[in-house]
Amino acid sequence: MDKNLKNYCLVTAAYWGYTITDGALRMLVLLHFNQLGFTPIEIAFLFLFYEIFGVVTNFFGGWIGSQFGLRLTLYGGIGLQIFALVMLGFLNPEWAVWFQVLYVMTSQAFSGVAKDLTKMSSKSAVRLVVPKEAESKLFRWVAILTGSKNALKGLGFFVGAALLELTGFTNALFIQAGVLLIIFLTGRLLPRNMGKIKAKVKFKQLFSKSKAINILSLARFFLFGARDIWFVVALPVFLQSELNWTFIQVGTYMACWVIGYGFIQSFSPAILGQNKKSSAPQAKTIQIWTSILTIVPVAIALSFMAGLDPQWVITGGLIIFGIVFAFNSAVHSYLVLAYTEDNDVALNVGFYYMANSGGRLLGTITSGISYQLFGIVGCLWISSFFVLVAALVSFKLPSSQKLEPASENQ
């Protein structure tokens, strides 16, 4: 097997394994504590450390990867996820509520570090196994990795909900930890120094100096904040509390959405007609699709306000939102690599996903607060505002042909 293809397969397999447990853990915690009577705001705060430590990890993770290699960051992330699962498995319901919350938040902190170490490492590794000049091939491989990840995260939602109902909270966590340990053992097959650079990186270089990376990161911040404002806490709580759905119904429903979203993302090069040589996306591509996305949450909110059947409104709205959001996410993931030189890949990707995590952090907290105060409709209106900001920011992006290499600016 070609060396680059082998490395791509190893990275993808590791990322897939982690992603299933990430989705399952999110659904386990959310449904379990909603059943225990936690409010939407309290549930949102359970994930506070997960998102905060994701931001910190992306900031320093790129530096760690560039100095010590991506194998360390990738499989270090998987090891931390195993620890987080086992730690949460020892949660004692007899403890004081405040201590249970703190304990869960701490375990989620480890999981947040794990998530962004694996994400940054896998996305950076793809950039290193595909030549920069092969733009359409890079777009395809990034779309496959990102799309399959999202599809498997959706599968993780189902796995988490099913394990919770069939085996209980604690057993579900230990089962996942055991499976992930097997994947952890494959780490020795990946080159030790992959992504490592010889030059020492100064602290000030952790802040990207590329105008394109900075603008794209800001757009990413608002884009993913917009999704999580109504999807992360508000939607599953709405389905369980307002529509009286069971654990498996909620998990299956959300799993189907994320899986479908992942498939659309994987095939986005072909759907967008940009899978041929010299036809990779440009800045205008993301400008168009983010502008279109702005309309979707507005339409869903207006449908709710018009008194239409909520199950049909949510289902139809999610399908449209998922398709358009998948195009946006796929093009974003490609552009950050297209704007990046080999020597800066771990640093720039880490910086970019720091913004991604920041948006998720804001979106998660806002989701719980907005839903408790304004309901699902309020979440949708705030989401539409965030998408609008992301669209306006994206109009500042330069075209990739006119971009100066990021390394020259640092």
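**Close-up 1. The largest pocket of the predicted model holds about 160 Å³ of space.** The elements that contribute two or more residues to the lining of this pocket are helix H10 (247-266) and helix H13 (310-338), and H10 gives the most, with 6 residues. Rolling a probe the size of a water molecule over the atoms shows where empty space is left.

**Close-up 2. The lining of the largest pocket comprises 8 nonpolar, 3 polar and no charged residues.** Among the residues that line the largest pocket are Tyr 253, Cys 256, Trp 257, Gly 260, Tyr 261 and Ile 264; the lining also includes Thr 315, Leu 318, Ile 319, Gly 322 and Ile 323.

**Close-up 3. A nonpolar patch on the surface is formed by Ile 52, Phe 53, Val 56 and Phe 60.** Together, these four side chains belong to residues with about 300 Å² of accessible area. Ile 52, a member of the patch, is placed in helix H3, which covers residues 48-68. Ile 52 counts as partly exposed because its relative accessibility is 31%, a value between the limits of 20% for buried and 50% for exposed residues.

**Close-up 4. Ser 241 in helix H9 and Asn 34 have C-alpha atoms separated by 8.7 Å.** Along the chain, Ser 241 and Asn 34 are 207 residues apart. Helix H9 spans residues 234-242, and Ser 241 within this helix is classed as partly exposed because its relative accessible area is 37%.

Notes. Residues numbered from 1 in each chain as written. Predicted model: local features only at pLDDT ≥ 70, side-chain atom pairs only at ≥ 80, totals over all residues. Heavy atoms only, no water. Patch = residues over 30% accessible without salt bridge, like charges linked within 9 Å, V, L, I, M, F, W, Y side chains within 5 Å. Areas by Shrake-Rupley, 256 points an atom, 1.4 Å probe, with all protein chains shown as cover. Helix = DSSP H or I, 4+ residues; strand = E, 2+ residues; numbered from the N terminus. Buried < 20%, exposed > 50% of the residue type's maximum accessible area, 1.4 Å probe, protein only. 1 Å grid on protein atoms, 1.4 Å probe; cavity = no way out; pocket = protein on both sides within 12 Å on 5 of 7 lines; lining within 4 Å. Points joined across faces, edges and corners; volume = space filled by probe spheres on them. Nonpolar A, V, L, I, M, F, W, Y, C, P; charged D, E, K, R; others polar.
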